Amino acid sequence: MRGMATSRPGPDPVGTRTLGRDGLAVSALGLGCMGMSQMYGPADRAESIATIHRALELGVTFLDTSDVYGSGHNEELVGEAIAGRRDEVQLATKFSLRRTADGGMTIDGRPENVRACAEASLRRLGVDVIDLYYQHRVDPRVPIEDTVGAMAELVEQGKVRHLGLSEASAASIRRAVAVHPIAALQSEWSLWTRDVEIPRDGETVLGVAREHGIGIGIVPFSPLGRGFLTGAITSPADFGDDDWRRDHPRFTGAAFAANLRLVDAVRDLAAEKGVPPGRLALAWVMAQAPDVVPIPGTKRRGYLEENAGAAAVRLGADDLARLDAIAPPGVAAGSRYADSGYAYGDSPER
């Protein structure tokens, strides 16, 4: 499945790729919009909107948001940015996560919640249809057949075009596709998070998504290791007080030092290739298969432009082999989240 990352000249510089057997065509690189509303320190609304507009100019037209990002703020922001330009965009959003009064998170996959969340997202986004609608996390208390059944009704009503799952287990994927085709699986995947490749109970999430008759495209979030693989983070002091990475298991204590050695190795290879390390890391993700579409997040035009350049980076077999040796599955020190339930939903911690 591996090959070279591709680019296309002209008005669509990053190229396009297709997700799912029903053929959802999206830009080969997407834009994760979460940081424009939460998690990574303060964001400037004008700069965030300008970043989305610049993304469309670069052909980065696959925009990813969720109703939980900023408790609806992010969808409203994205909706404002794409007003009058809806036909240029492949719009993805998610439901099922909700913040609790104590600052925690709960998962709700009930059919009635599916319908209510979709209507609210359509209003905030200011659109008539969502191109890709994900269940953000699988609710272990609700049969996934019931949740996906309600999502399928949205497709029948013309409110949603394609369905997706986020951070779902292999078992949940199999049960979901028995109800309705799933176009995309969104999971964390990068040189330091290769969990989708690690077998659990004799099979991998990636392998199931690739099975004949399932054919689910992969949408990796955090393909830059939450910014670590860019090489810009050299000390925990680089994080502001309101940056959640200050308390992230991979950015603290001995784990930080161990992971920094991985980043140094990636930086050395990037220097040989004459590209920034983040661009190399993105190119590795894109080289895994032609239906892999990473969605690096940013709230600034400069970082967006750097990320978009990954589409032009060519990685040969020797490059991929070296990167596999530098960053094999399980190489990162520390868990993905402090709360593994939030990370994996219906899956055991990996």
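Colleague: At what angle do the axes of helix 1 and helix 2 cross, and within what distance do they come?

Modeller: This is a predicted model, in which local features need pLDDT of at least 70 and side-chain atom pairs count only at pLDDT 80 or more, while totals for chains, interfaces and linings use all residues. Residues are numbered from 1 along each chain as its sequence is written, and side-chain values use heavy atoms, with hydrogens and water left out.

Two packed helices are described by the angle between their axes and the distance between the axes. Helix 1 (residues 45-57) and helix 2 (residues 73-82) have axes that cross at roughly 55° and come within 9 Å. Helices here are DSSP runs of H or I with at least four residues, and strands are E runs of at least two, numbered from the N terminus. The axes are lines fitted to C-alpha atoms over the stretch in contact, with angles from 0 to 180 degrees between N-to-C directions. Helix 1 is therefore oblique to helix 2 (angles under 35 degrees are roughly parallel, over 145 roughly antiparallel, 65 to 115 roughly perpendicular, and the rest oblique).

Contact means heavy atoms within 4.5 Å. On helix 1 the contact is made by Arg45, Ser48, Ile49, Ile52 and His53, and on helix 2 by His73, Leu77, Val78, Glu80, Ala81 and Ile82. These residues divide into 6 nonpolar, 3 polar and 2 charged (Ala, Val, Leu, Ile, Met, Phe, Trp, Tyr, Cys and Pro count as nonpolar, Asp, Glu, Lys and Arg as charged, and the others, Gly among them, as polar).

As for the setting, the chain has 11 helices and 11 strands. Its C-alpha atoms fill a box of roughly 50 × 45 × 45 Å along the principal axes.
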